[in-house]
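Notebook open, viewer running. I wanted to look up a few things in this model and jot them down as I went.

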Amino acid sequence: KFGINQALKDLGLRVDDVNNGTSTGKNWFSSGDVIESYSPVDGALIGKVKATTEEDYNKVIETAADAFKTWRSMPSPQRGEIVRKFNDELRRLKEPLGKLVSYEMGKSYQEGLGEVQEMIDICDFAVGLSRQLHGLTMHSERPGHRMYEQYHPLGIVGIISAFNFPVAVWAWNTALAWVCGDVCVWKGSEKTPLTSVACQNIAARVFDEAGLPEGISCLITGDYVVGSLLTNDERVPLISATGSIRMGKIVAQAVAGRLGKSLLELGGNNAIIVTPDANIKNTVIGAVFGAVGTCGQRCTSTRRLIVHEDVYDKVKEAVVDAYKQLRIGNPLDENNHVGPLIDKDAVKHYQAALDKVVKEGGKIIVEGGVLEGEGYESGCYVKPAIAEAENSYEIVQHETFAPVLYLMKYSGDLENALALQNGVKQGLSSAIMTNNLREAERFLSVEGSDCGIANVNIGTSGAEIGGAFGGEKETGGGRESGSDAWKIYMRRQTNTINYTTELPLAQGIKFDL
Ligand code: NAD
């Protein structure tokens, strides 16, 4: 259906194996329970994969640890060259992989292709980075001494990823970790196991063809039980975990308990502030795409729209009008704006959020609801909804991972809008729509947005790979992707070299023997 079998074949997966749960791959050992993958697009069973058992897991880690010994000694520009070859494969397979992402996760085909493009972009970035893993040199206080710092690979990096970006988050981590000399063990989401298997096969083929050990890229499959094998494993110095705040709190404690490093990319509660000086047309595009794109299932989706009272009615009317034009349906059909939620559990959470906002005193201004009938057989298609609400409502304080937008009003100064925006526990993405320089700069100042991402005149949703990506407070504080995010994948070493015939001690200490 929708050319999915062809996409699986193009990706090197045998359709029979996918149907029977007998797929195998290099350094993906799995002999446990069967995980079934249903498409939210049409409710069909796409295929099955087997979960990783504890015994399989130990084999994976041993293979990874072995591979590290080879990979860490390869000069990083040569590691970059392997990432470039991997990237050539991604470019070649962009369409089938984008299609599988779209069908298994439910995002639009354009967004599926966009996700693969993000993988391509981060690989390009990583290739350049492979020649720029710079440390600093310092002036020693001791004569005849030289000081500098250098970065060495860490070892095995554990990557835990969420269903909503089933392939890009892996690439953000793995492309950087690879050029840094690490080997990676990836536990993708149990809701999107086939995209993980497809990616692992691409990587394994590239390493194999280059004559490199298979353990540089490893996959484990399964749910939180398999994930917790990684988080509790002392052989894995860094865990990069993307997902809910609930998961992040458990993972952070497990990793901290063994004094490992963690990179956490957790939930957001992102707001756009709309001031009287905003361009209303652009505000509507940014807000509506931000709220309904990927059916509200992006960590950077717009959850709250905080509008000044002077333009409140105008913005409200324009956004409500725009919602009337939304076409909801099969995300592989490019005419549709909004695809399905990931599964029926997500639909229940969406319905519960709408009930709760009403109970707390909110007013629904664009009705939600679950769609039924032809084209909606999966039971995962819902209507994007808008509720007028107060920031203090419990439901507004939590991330609603669905297309529900909370609209609220502020009066007076920008300070009041900032208090609302920052008045939640999460701190991922934020935006202001204004043509007023003073407002824009205040928003970006130390007294402004407390989020990891703060945008002016673009929405909250989406990010480019060139910047460091991540958020503050309960979003977890991690940064991945561009800028100097690579540093977390390496261990820093400070080196002091004495090239004299004496041994002067630091701080002028005398120690005569
Ligand atoms: P989730 O927390 O349910 O699952 C995420 C991953 O964590 C899955 O692979 C899951 O198996 C694993 N996991 C869950 N509990 C675990 C445990 N105790 N030990 C080890 N692993 C465990 O999240 P989800 O529903 O897949 O994704 C949606 C959430 O992810 C949203 O909150 C969204 O905001 C967040 N997210 C954040 C970012 C970001 O970069 N900040 C990006 C994408 C998604």
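My entries below go from the whole chain to one residue, then to the ligand and a sheet.

**Ground rules.** I'm working with a predicted model, where local features need pLDDT of at least 70, side-chain atom pairs count only at pLDDT 80 or more, and totals for chains, interfaces and linings use all residues. Residues are numbered from 1 along each chain as its sequence is written.

**Whole chain.** I found 16 helices and 21 strands in the protein chain; these are DSSP runs numbered from the N terminus, with helices (H or I) of at least four residues and strands (E) of at least two. The radius of gyration is 24 Å, close to the 24 Å from the globule rule for 513 residues, so the chain is as compact as a globular protein of that length. For that I took C-alpha atoms, and the rule is 2.2 Å times the number of residues to the power 0.38. I also noted that buried residues make up 53% of the 513.

**Glu265.** Where does glutamate 265 sit? I located it in strand S9 (residues 261–265). UniProt, in an unreviewed entry, places the feature "active site" at Glu265; such annotations may be inferred rather than shown by experiment. Is glutamate 265 buried or exposed? It counts as buried because it has 30 C-beta neighbours inside 10 Å; the cut-offs are 20 or more other C-beta atoms within 10 Å for buried, 12 or fewer for exposed, and partly exposed in between, with C-beta atoms placed from the backbone. Leaving out residues up to four places away in sequence, I listed its contacts as Thr242, Gly470, Gly476, Gly478 and Glu480 (contact: C-beta atoms within 7 Å).

**Ligand.** I counted 29 residues around the ligand, and Ala162, Gly227, Gly243, Glu265 and Cys299 come nearest (near: C-beta atom within 6 Å). Helix H9 (224–231) and helix H10 (245–257) each supply at least two residues of this shell. The largest share, four residues, comes from H9.

**A sheet.** I traced seven strands in an open, mixed sheet, ordered S12-S13-S14-S11-S10-S16-S17 (strands pair if DSSP finds at least two bridges between them). Strand S12 (363–366) and strand S17 (453–456) are the edges, each pairing on one side only. Strands S13 (residues 385–388) and S14 (residues 404–410) run parallel, joined by four bridges. In that pair, isoleucine 386 stands opposite leucine 405. Helix H13 (residues 344–359) packs on the sheet and touches S12, S13 and S14, its direction making about 30° with that of S14 (axes are lines fitted to C-alpha atoms, for helices over the stretch in contact, and angles run from 0 to 180 degrees between N-to-C directions).

Note on methods:
Contact = placed C-beta atoms within 7 Å.
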